[in-house]
Amino acid sequence: MLTSLKGKSVIVTGGSKGIGRGIAQVFARVGAKVTLASRGEEALKIACDEMNAAGGDVRYETCDVSDWASVRAMVDNAATAQGGLDVMCANAGYYPQTKIVDMDPEEWDDVMANNLRSSFLCVKAAIPHFEKGGKGRVVLTSSITGPVTGFPGWSHYGASKSGQLGFLKTAAMELSRYNTTINAVMPGNIYTEGLQGLGQEYLDTMAASIPLKRLGDIEDIGNAALFFASDEAGYITGQQIVVDGGQILPESLEAMDEI
Ligand code: NAP
């Protein structure tokens, strides 16, 4: 049982929906103080109220993770409100699906800003607080798409998610100076608002291709993030873990028929 997160100060970007919400719920349940950070205030308020009704100590900040001033203000406000910062979960991101031949250069830049630049900005804004507190933890939400697999329409998304893992290696070395670890969770297909937008046929096909025969739950990712943030994981840094129900394992469609 990971009990070391009780009373810790945590930020979860993209905490109003989907995986971020699952991460926040898991941290709130073990007694952490949690700030949810997304752009849309209505969804933030709903998520925040629900987690507090379940006994959490949760607040929110509106923030655009692709914008430095917005990220810095969000992180500083959260640290002030929660008495410091212990854990940064840089999770927010998005995945428009457009094939290379149809993709505007602006869409490429937008995905990079929201998914990759945001990781750098969140880490940069958190460093002064980790330095002040004498320790810290960062958990990035990457993906299997990019680092391990490909899917037509997600060249920019996959590049951004692989980029996070490239950033992670050097960041782990630089953050060691602040007694801070940084690791990444690589989700498979997790049932979220964003994924629902891809349609029922996508969801059904994906579930059928996963050895554990279901899409992931948002708290499956929250539990992995909780482990990386715990005292028990204090000697792990610069690493990543796939949480996908075995999705990347089958060598072929026939391999699934043999299960
Ligand atoms: P989601 O259901 O669409 O939720 C995305 C969250 O991020 C929302 O809270 C959204 O709120 C916020 N967000 C998006 N862009 C933002 C920005 N620029 N600034 C601040 N907040 C922003 O997405 P999800 O499926 O949970 O995905 C979350 C993360 O998991 C992403 O990094 C994604 O790449 C990764 N992932 C997801 C899956 C999956 O199967 N779902 C698989 C692998 C990896 P606002 O729009 O209100 O800002």
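Leu249 lies in the loop that links strand E7 (240-243) to helix H9 (253-257); helices (H or I, at least four residues) and strands (E, at least two) are DSSP runs numbered from the N terminus. This is a predicted model, in which local features need pLDDT of at least 70 and side-chain atom pairs count only at pLDDT 80 or more, while totals for chains, interfaces and linings use all residues. Residues are numbered from 1 along each chain as its sequence is written, and side-chain values use heavy atoms, with hydrogens and water left out.

Leu249 counts as exposed because its relative accessibility is 63% (buried means under 20% relative accessible area, exposed over 50%, partly exposed in between; 1.4 Å probe, protein chains only). With Val148, Val242 and Ile248, Leu249 forms a nonpolar surface patch of about 310 Å² accessible area together.

Strand E2 (residues 33-38) has five of its six residues buried, so the rest of the structure largely encloses this strand. Strand E1 (residues 9-13) runs parallel to E2 and is joined to E2 by five bridges; two strands pair if DSSP finds at least two bridges between them. Thr13 has Ala37 in E2 as its bridge partner. Between E1 and E2 the chain passes through helix H1 (residues 18-29), in a right-handed β-α-β crossover. Right-handed here means that, with the strands pointing away from the viewer, the path from the first strand over the helix to the second runs clockwise.

E2 is also joined to strand E3 (residues 57-62), by six bridges, and the two run parallel. Val34 is the bridge partner of Val58 in E3. From E2 the chain crosses through helix H2 (residues 41-53) to E3, and this β-α-β crossover is right-handed.

Terms used
Patches are made of residues with over 30% relative accessible area and no salt bridge: like charges are joined within 9 Å, nonpolar side chains (Val, Leu, Ile, Met, Phe, Trp, Tyr) within 5 Å. Accessible areas come from the Shrake-Rupley method with a 1.4 Å probe; for residues, only the protein chains shown count as cover. A salt bridge is a side-chain nitrogen of Lys or Arg within 4 Å of a carboxyl oxygen of Asp or Glu.
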